[in-house]
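This briefing sets out selected features of the structure shown below, grouped by topic for reference alongside the coordinates.

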Amino acid sequence: MSKLVALLLLIICLSAYGQGEALAKSISVHSRSPFAVGNFFSASAAAAVKPSVEKRPGPKDVIGQQLVDANPTLEQVRLIPSLDGPQRKQVNELFNVYRSDLKLLNEQLRPLREEFKARLKSEKEKFDKEKQDRDKLAKEKLSQEKLAKEKQEQTKAELAKFVPAKEEEDAAIIAVVAKIKERQNQFTQALSKVVSPTQMLELEQLRRGKVPAYAQ
Amino acid sequence: MPNKNKNKNDQQIRHLLNRAGFGFTPEELAPYLEMGYSSALEQLTSPSSTDNSALDHMLAEQSFDFTNPDDIKRWWLFRMMFTRRPLEEKMTLFWHGHFATSDNKVRNPYAMYVQNCTIRKHAFGKFDDLLLAMSKDPAMIEWLDNQQNRKNKPNENYAREVMELFTMGIGNYTEQDVKEGARAFTGWQAKPDGFFFNSGQHDKGSKTFLGQTGNFNGEDIVNILANQKATGHYLAGKLIRFFALYNPSNSFVDEIAGVYKKSDHNIGAMVSAIFASRNFTSTACFHSLIKSPCEYVIGMLKTFQVSQVDAEVPRLMAAMGQNLFNPPSVKGWDGGENWIASDVMMERFNFATRMISQKFDYLEKYSSPAKIAAEQGLTSAAETVDYFLSLLVENDAPPAVRERLIKYVSSDMTGKPMTMPMTNPITMPMTKPLASGKLPEDKVLDARLRGLVHLIMTLPTYQLN
């Protein structure tokens, strides 16, 4: 009889232990739920940073940056709701002339930039060739070990010697870029005579996302 | 048993959020889990009841130029990422594919943006209103040549598509209906400030359209079309295929078409009925759709809680086959298996690589599986694999795949199995969790666990929704 009581006690104890273990396991599993707050990838770090959209960077080269046109495009100006018929006609004419002028200036600029790039390339090639020749000569004279040491120092010094010319310092290019900038400014003036500041503001509001009442 | 039910309910809510939105962050998921399935559904399908001012503030800080074709894409992706009304964006995406309009032809990003706002406004309302708004939408008018639809020279393009693609579907109208419908839409033109009814170009004569005769204009045609039985069926089928199942039963389509009729053409009611249906919560529906690039990309960005939307994302999505604001044709995106065709599949894998190698944000180590493993006290390769399988594919992976992943994690960089207790540094955090927040220094572990996450993200089930 006492054996039976002891066996019952053992069963009860084991069962309680089993339940406790199961509970502990379920708590542990729950706390490890990958969907719990803070359990995804670096929630705290992400929350500390304001959501934003990365914009495409503009032109990397200095000339490209200089040539960025702050004037609106014809397609943008056409969006201005209050632009009347005669204004539309004038705007079209202005843009036609402006675009053909810019086309001519850009045609002048393109070969100059290409020539500049080619010149830069050939200067670099010439520099590298001379360096190679010197290395070859030195190789014949010096032992491998000595050569390596010297070469290291020489490379440092010679690299410093080659300073590529800057595109923005090329006189011919500067002249055409200046003409383009001047033409852009002239166009800004001309456009402001046709399109009123209020209308330009209308365009600015559209560009910032103002939608007509029917779409709100 | 209650735990089992809770787990099932939680999984259904995650299933709902994946389908009714674009995935979730833990912070977005928590309140839905708290409120339960039916309340979650109610909140999702009545977006105006959810405060979305935080998104408006965020958007105002981004300085988008809505005349720039790239910016409108970034704007929309940003909305998908950070909205508190996910179904509103998902419905907008659905209608963008339905009323497919491409900026490639329209060449007016601002008009495309306005169309997107118009769709969002009517996305849950009465279908008649949405259809009328689309018929008067400047981008649509340009896209389907209604600007050239004149009294003496009708252009049938819009009249044809409005029946074939937007309402009843092919086989429910005749060529004569197309001609008569086109006459009713003559003079429906666009100006920079919106719709313009050019009375002088409108055909005011009598027309016979789908068996009805009268001096119809475009509004009458919209009314007639929205009231066709075929329209209810067509829309029900399309909504079900987008949100629930590729091959729904006839009875399911009939049921949702019935809701269209009963609710007086209310789209929100139809979508609610789809999500409330047993067809949606059944296991057959789970992981039965293929993620669109939008779902794949935004879902992954949300899982990783990336806070900065990379300028490249729209281009990468286009390479995966979904170029927003530029659907491939008037039919929109075919979707389904086309999303994982061989030419675009590699783009998905590359995106996963880009994500796990942290090229998406300037946050250091924001995606550190090793850190998570340490923080969660994962003490074995099996536990670690299970954790990430659960997070990324809801454990929907065959046992053989799980085994291979465990083998991958518990082998060194040469693929040689490591013995227990492992002396290789890869096991360090497994046996000795690091202090919370402290990044493990070991590069091997880092590479191995990044590899694990990447492998899971390239599994077939990760492509499913």
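**A helix pair in chain B**

In this predicted model, α9(B) passes α13(B) in a right-handed crossing. The residues that form this contact are F127(B), D128(B), L131(B), L132(B) and S135(B) on α9(B), together with G218(B), E219(B), V222(B), N223(B), L225(B) and A226(B) on α13(B). By class, the residues of this contact comprise 6 nonpolar, 3 polar and 2 charged.

- Helix α9 of chain B covers residues 127-135 and helix α13 of chain B covers residues 218-226.
- The axes of these two helices come within 10 Å of each other and cross at roughly 140°.

**Overall form of chain B**

- Chain B contains 25 helices and 5 strands.
- The C-alpha trace of chain B extends over about 90 × 45 × 40 Å along its principal axes.
- For the 465 residues of chain B, a compact globule would have a radius of gyration near 23 Å, and the value of 25 Å for chain B therefore agrees with that expectation.
- Buried residues account for 47% of the 465 residues of chain B.
- Of the contacts in chain B between residues at least 6 apart in sequence, 70% connect residues at least 24 apart.

**An enclosed helix in chain B**

- Helix α16 of chain B, residues 267-276, is largely enclosed by the rest of the structure, because 7 of its 10 residues are buried.
- The buried residues of α16(B) are I267(B), M270(B), V271(B), S272(B), A273(B), I274(B) and F275(B).

- Strand β1 (residues 188-191) and strand β2 (residues 194-197) of chain B run antiparallel and are joined by 4 bridges.

**Positive phi angles in chain B**

- Most residues other than glycine have a negative phi.
- S63(B) is not a glycine, yet has a positive phi of about 50°.
- S63(B) belongs to the loop between α4 (53-60) and α5 (69-82) of chain B.
- S63(B) counts as exposed because it has 12 C-beta neighbours inside 10 Å, the limit for that class being 12 or fewer.
- F325(B), also not a glycine, has a positive phi of about 70°.
- F325(B) is located in the loop between α19 (313-319) and α20 (342-356) of chain B.
- F325(B) counts as buried because it has 22 C-beta neighbours inside 10 Å, the threshold for that class being 20 or more.

**Chain A**

- Chain A has 8 helices and 1 strand.
- The order of elements in chain A, from the N terminus on, is α-α-β-α-α-α-α-α-α.
- Of the 216 residues in chain A, 10% are buried.
- Of the contacts in chain A between residues at least 6 apart in sequence, 81% link residues at least 24 apart.

Technical notes: Residues are numbered from 1 along each chain as its sequence is written. Chains are lettered from A and ligands numbered from 1 in the order in which they are written. This is a predicted model: local features need pLDDT of at least 70, side-chain atom pairs count only at pLDDT 80 or more; totals for chains, interfaces and linings use all residues. The radius of gyration is taken over C-alpha atoms; the globule rule is 2.2 Å times the number of residues to the power 0.38. Two residues are in contact if their C-beta atoms, placed from the backbone, lie within 7 Å. Axes are lines fitted to C-alpha atoms, for helices over the stretch in contact, and angles run from 0 to 180 degrees between N-to-C directions. A crossing is left-handed if the near helix is turned anticlockwise from the far one by less than a right angle, and right-handed if clockwise. Ala, Val, Leu, Ile, Met, Phe, Trp, Tyr, Cys and Pro count as nonpolar, Asp, Glu, Lys and Arg as charged, and the others, Gly among them, as polar. Two strands pair if DSSP finds at least two bridges between them.
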